[in-house]
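I opened a new model today and wanted a quick tour before doing anything else with it. These are my notes, in the order I looked things up.

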Amino acid sequence: MEVAVIGAGAAGLMAAYAAAKNGNKVTIFEKNEKSGKKIYITGKGRCNVTHDCAPDEFLQNVVNNHKFLTGAIYNFTPEDTVDFFESEGLRLKTERGARIFPASDKASDVTKCLEKACKKYNVIFKFNEKVLRINTLNSTMSGIITEKGEFCFNKVIVCTGGLSYPSTGSDGDGYIFAKSAGHNIVSPMPGLCGLDLRGDFYKALQGLTLKNVKLSVFFEEKKLREFFGEVLFTHFGISGPSVLSASSLINRLDLAKVRLSVDLKPALGDEQLNARLLRDFESNKNKSIFNCLKELLPVSMISEVLARSGIAEEKKVNTVTRNERQRLLTTVKNFDMLVLALRGFNEAIITSGGVDVKQINPKTMESKLVNGLYFCGEVLDVDAFTGGFNLQIAFSTGYAAGISIKD
Ligand SMILES: Cc1cc2nc3c(=O)[nH]c(=O)nc-3n(C[C@H](O)[C@H](O)[C@H](O)COP(=O)(O)OP(=O)(O)OC[C@H]3O[C@@H](n4cnc5c(N)ncnc54)[C@H](O)[C@@H]3O)c2cc1C
């Protein structure tokens, strides 16, 4: 069978490899001059290639459409990804948080390895060749039109990615192909991105990283989830690992109804924090409350915490009332922030939304509307938290499509 793969990213390379290994003649069309431009920047250039976990745990880290992904992840698991790379000669290592990287710390080695595996099965690479259109006839794939000509293909695997970091080549062409074949597109939104905040208090905190804090995400005052880790204040609002995860949870919601709340001292319960405040007050009786709090909080946060608690910075510790202490405690445990907007696709690690999975066969990634048309990777409406999950989704869906195509 002649197969066209559109896009030589993680999903496209894996789909091409699996289809070629299965005995098909595979041509991969890539508009860039080389494969894997996005892979190159993953994991800060080190590529967090997958996550060391069982499929069940994996699926808990999928934000949208984990049920759709269940079959693909069980059929090509994170362990299979590790076996694939190691058997193709790329040594991997597992780091803190079960994140798996190439032992060389070079993302480019991941692309080289995928390309080598494709070439072993004679995959033809067509670089600098943008696909402009897909052609269908009687609800069956008939071919593609590229910048260089028109080609007949009865099997076409679309692996064009989403909209994030468009400079890497993924700029939404896959949605156009999908729409032309009658598919619904779930509105693409930036995911795993920083958040613009309301107000301007964050400007005074710019550059501050809060470590080991708890970030709770509320929608209409219902807690959706909490994340432990770092929150980083920036010139626009907040970022950092917990915030990226939170952004993926809220990107389809009405942001005006979202509240984020940081517990600045998650290791201390209310009573323990109260006791700690009383101890600090006792040993700093004659100091200002601002100076007294320097041991408890980062200095740049104290003014904002005191303002929110309704306590003057210069107030002497021995005049702080019980009520004021209670308000201070409440602010430290619930430092609330309101979200103005998501940062844009230029900064988003992932696109949430895309080709509606209701119209895709979850076993094969084939369109339920057009025979011989497949969608894999980020172009689909699937996304996950950070930790190697998104590349694994690209590998598992690419593999599912490739391996399903046989004469
Ligand atoms: C900064 C950053 C860091 C990341 N780090 C990690 C990480 O460490 N671990 C992890 O799991 N995930 C990470 N991700 C997410 C991960 O990179 C993506 O989810 C994954 O690469 C998606 O793979 P894909 O093959 O679906 O799409 P892409 O990698 O976007 O590939 C799509 C390809 O299709 C090509 N293309 C598009 N349109 C056409 C067309 N019309 N004709 C021909 N070719 C076309 C593009 O040029 C591109 O090469 C990161 C993302 C970013 C932005």
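The entries below go from the whole chain down to single residues.

**Entry 1, overall.** First thing to jot down: this is a predicted model. I counted secondary structure and got 13 helices and 21 strands. The C-alpha trace spans about 85 × 40 × 35 Å along its principal axes. Of the 407 residues, 56% come out as buried. I then looked at contacts between residues at least 6 apart in sequence, and 71% of them join residues at least 24 apart.

Which residues touch the most other members of the largest nonpolar core? I found F85 and I157, in a core of 79 residues. Helix α1, residues 10–21, supplies the largest share of this core with 10 residues. There is another core apart from it, with 50 residues, and L195, F233, F335 and M337 are among them. As background, nonpolar side chains in soluble globular proteins tend to be buried together.

I went back to F85 for its contacts, skipping neighbours within four places in sequence. The list reads V49, L90, L92, V110, C113, L114 and F395.

Is S170 buried or exposed? I have it as buried, because its relative accessible area is 8% and the cut-off for buried is under 20%. S170 sits in the loop between β11 (155–158) and α7 (173–180). Its side chain makes a polar contact with the side chain of K38 at 3.0 Å, and a polar contact of 3.2 Å joins the side chains of S170 and T168. Beyond four places in sequence, S170 is in contact with K38, T160, G161, G162, L163, S164 and Y165. I also checked S170 against A341: they are 171 residues apart in sequence, and their C-alpha atoms are 22 Å apart in space.

T160 lies in the loop between β11 and α7. T160 counts as buried because its relative accessible area is 14%, with under 20% as the limit. A polar atom of the T160 side chain lies 3.3 Å from the backbone nitrogen of G174. Leaving aside neighbours within four places, T160 is in contact with I6, S170, D173, G174, F177 and V379.

Where is L264? I placed L264 in the loop between β17 (258–263) and α9 (270–283). L264 is buried, with a relative accessible area of 8%. Not counting residues up to four places away, L264 touches L210, V213, L297, M301, V305, V332 and F335. One of these, F335, is a name I had already written down for the 50-residue core. V332 is 68 residues from L264 along the chain, yet their C-alpha atoms are separated by 5.5 Å.

Last stop was S245, found in helix α8, residues 241–250. S245 is buried at 8% relative accessibility. Setting aside neighbours within four places in sequence, S245 is in contact with L192, F227 and F385.

Definitions and conventions:
Residues are numbered from 1 along each chain as its sequence is written. This is a predicted model: local features need pLDDT of at least 70, side-chain atom pairs count only at pLDDT 80 or more; totals for chains, interfaces and linings use all residues. Side-chain values use heavy atoms; hydrogens and water are left out. Helices (H or I, at least four residues) and strands (E, at least two) are DSSP runs, numbered from the N terminus. Buried means under 20% relative accessible area, exposed over 50%, partly exposed in between (1.4 Å probe, protein chains only). Contact means heavy atoms within 4.5 Å. A nonpolar core is a set of buried Ala, Val, Leu, Ile, Met, Phe, Trp, Tyr and Cys residues joined through side-chain atoms within 4.5 Å. A polar contact is a pair of N or O atoms within 3.5 Å; within protein, one must be able to donate a hydrogen and the other to accept it, and residues adjacent in sequence count only if both atoms are side-chain atoms.
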